[in-house]
Amino acid sequence: MKAIFNDIVIAESDQTVVVEGNQYFPIDSIKKEYFTETTHHTTCPWKGKASYYTISVDGETTENAAWFYKEPKDAAKEIKGYVAFWKNVAVKQ
């Protein structure tokens, strides 16, 4: 799987995990130079508190476009250390 923003592959892995229709990529598969952690958070009743990254590639930015769970609840422990995408990021095979 590949995550693409502004025509650049920002993450790639053949070991993604699918949860609620979202592909979660291992944290070591993202190209960290494009990611900046933000102060934005949301809470899922069964996964826990989500943290976010803003993604910037070649002058284009999409805010809070990737999320991850630093300490997911037990029901979602398989996504600890994984990142998912939305907001202008295409995820493809």
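**Strand pairing, ring pairs and nonpolar cores**

Val-83 in E8 is the bridge partner of Phe-25. E4 and E8 pair in the antiparallel sense over two bridges. Strands (E, at least two residues) and helices (H or I, at least four) are DSSP runs, numbered from the N terminus. Two strands count as paired when DSSP finds at least two bridges between them. The model is predicted: local features need pLDDT of at least 70, side-chain atom pairs count only at pLDDT 80 or more, and totals for chains, interfaces and linings use all residues. Residues are numbered from 1 along each chain as its sequence is written, and side-chain values use heavy atoms, without hydrogens or water.

E4 also pairs with strand E3 (residues 17-19). This pairing is antiparallel and runs over three bridges. Val-19 faces Asn-22 of E4 across it. E3 and E4 form a hairpin, with two residues between them. Glu-20, in the turn, has a positive phi of about 50°. Four of the five residues of E4 are buried, so the strand is largely enclosed by the rest of the structure. Buried means under 20% relative accessible area, exposed over 50%, and partly exposed in between (1.4 Å probe, protein chains only).

Five aromatic pairs occur in the structure. The rings of Tyr-24 and Trp-67 have centres 6.0 Å apart and planes at 90°, so this pair is edge-to-face. Rings of Phe, Tyr and Trp (its six-membered ring) pair if their centres lie within 6.5 Å; planes under 30 degrees apart are stacked, over 60 edge-to-face, and the rest tilted. Distant parts of the chain are linked here: Tyr-24 belongs to strand E4 (residues 22-26) and Trp-67 to strand E7 (residues 60-68), 43 residues apart. Tyr-24 is buried, at a relative accessible area of 0%. Trp-67 is buried too, at 11%.

Phe-35 and Tyr-53 make another edge-to-face pair, because their ring centres are 5.4 Å apart and their planes stand at 85°. Phe-35 lies in strand E5 (residues 35-44) and Tyr-53 in strand E6 (residues 48-57), so the pair ties together parts 18 residues apart in sequence. Both Phe-35 and Tyr-53 are buried.

The largest nonpolar core holds 17 residues. Such a core is a set of buried Ala, Val, Leu, Ile, Met, Phe, Trp, Tyr and Cys residues joined through side-chain atoms within 4.5 Å. Ile-10, Phe-35, Ile-55, Phe-85 and Val-89 touch the most other members. Strand E1 (2-5), strand E2 (8-12), E6, E7 and E8 each give two or more residues to this core. Beyond four places in sequence, Ile-55 touches several residues, including Phe-5, Ile-10, Phe-35, Ala-65, Phe-85 and Val-89. Contact here means heavy atoms within 4.5 Å. In soluble globular proteins, nonpolar side chains tend to be buried together.

Three strands form an open sheet in the order E2-E1-E9, with antiparallel pairing. E2 and E9 are the edge strands, and each pairs on one side only. From one strand to the next, the twist averages 30°. Axes are lines fitted to C-alpha atoms (for helices, over the stretch in contact), and angles run from 0 to 180 degrees between N-to-C directions. E1 and E2 pair over four bridges in the antiparallel sense. Ala-3 stands opposite Ala-11 of E2.

Lys-92 is found in strand E9 (residues 90-92). Its relative accessibility of 47% counts as partly exposed. Leaving out residues up to four places away in sequence, Lys-92 touches Met-1, Lys-2 and Ile-4. Lys-92 and Pro-72 are 20 residues apart in sequence, and their C-alpha atoms are 25 Å apart in space.

Pro-72 is placed in the loop between E7 and strand E8 (82-85). Pro-72 is buried, with a relative accessible area of 14%. Beyond neighbours within four places in sequence, Pro-72 contacts Lys-47, Lys-77 and Lys-80. The C-alpha atoms of Pro-72 and Trp-46 are 8.4 Å apart, with 26 residues separating the two along the chain.
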